[in-house]
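Good morning, and thank you for the time on the agenda.

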Amino acid sequence: NVQQLKSDMLETQDQISTGKQISVPSEDPVAFSNLAMLKSRSLRISQYETNITSIKQRLALEDNTLTQVNSILTRIRELSIQGANDTISTADRKSIGLEVSKLSETLIGLANTTDADNKPLFSGTKVDKLPFERNSNGMVVYHGDSTKIEQSISDSNAMTLNSTGDNIFLNVETPDGKQKSLFDIIDRVAETLKNGDTPSSQLGDVVATLDHVTGSQTITGSRRSEEHTSELQSLRHLVCRL
């Protein structure tokens, strides 16, 4: 009995010091197998939590970028309305056109925003170069693709972590029912103004760019507001209890 008590005491002390009820498989093969499964499950949960944090950070950057894009488009709309006013001079229109041109370049810079890993936000899976640039003809071209990237956030769910540049900046539906590039619309307005002409006929397209980007930002905001951590917390509490 004394030997058994000593053995039990040593076993209890080992459990206290290690925090483990089972140290080797032979003590309880079934329980040890279950613990191994739970440990694997816990590691997956940790990865899901990391994925969610990464996705939220990326979506926050995307949301902030689109807020800046909207601010610039709002300014371009104001300038376009001002340029369409019959009371201003040709020189004033040319001056307004120069400002719109500068804002267009700022838009390209925002469309080429990169994340913490220096990868473009809006290029899909083609992250080896910036998605937007002007070609030799002065047209803004897109080097990215239309691929939506997803990351797992639980055993059964995945979350889209990106918006693609073609969808945000190229597929603007204008009042005439056509899809046009946001940059082409703004550049045409700038050229019209720099020529001293009124952009009255182009105001509808300018408003369409603002509406389009606002819609894209709404989608980004809805993805940011989705709550997935509660499911993982419940699973983690279950693992801890087991």
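Let me begin with Q217, which sits in helix α6 (residues 203-225). Helices here are DSSP runs of H or I with at least four residues, strands are runs of E with at least two, and both are numbered from the N terminus. Q217 has a relative accessible area of 16% and is therefore buried. The terms are these: buried is under 20% relative accessible area, exposed is over 50%, and partly exposed lies in between, with a 1.4 Å probe and protein chains only. Apart from neighbours within four places in sequence, Q217 has contacts with D63, L66, T67 and N70, a contact being heavy atoms within 4.5 Å.

A word on the source. The model is predicted, so local features need pLDDT of at least 70 and side-chain atom pairs count only at pLDDT 80 or more, while totals for chains, interfaces and linings use all residues. Residues are numbered from 1 along each chain as its sequence is written, and side-chain values use heavy atoms, with hydrogens and water left out.

I turn to the aromatic residues. How many aromatic pairs does a search of the whole structure find? The search gives 5. Rings of Phe, Tyr and Trp (its six-membered ring) pair if their centres lie within 6.5 Å; planes under 30 degrees apart are stacked, over 60 edge-to-face, and the rest tilted. Ring pairs join F122, F132, Y142, F169 and F183 into a cluster.

The loop between α3 and β1 also holds N118. Its phi is near 65°, a positive value in a residue other than glycine. Is N118 buried or exposed? At 60% relative accessibility, N118 counts as exposed.

Helix α3 itself (residues 90-111) has 22 residues and reaches 31 Å from first C-alpha to last, close to the 32 Å expected at 1.5 Å a residue; the expected span is 1.5 Å times one less than the number of residues. Among the buried residues of α3 are R93, I96, V100 and L107.

Finally, the chain as a whole. The secondary structure comes to 7 helices and 6 strands, in the order α-α-α-β-β-β-β-α-β-β-α-α-α along the sequence. Of the 242 residues in the chain, 37% are buried. Among contacts between residues at least 6 apart in sequence, 63% join residues at least 24 apart. Thank you; I would welcome discussion.
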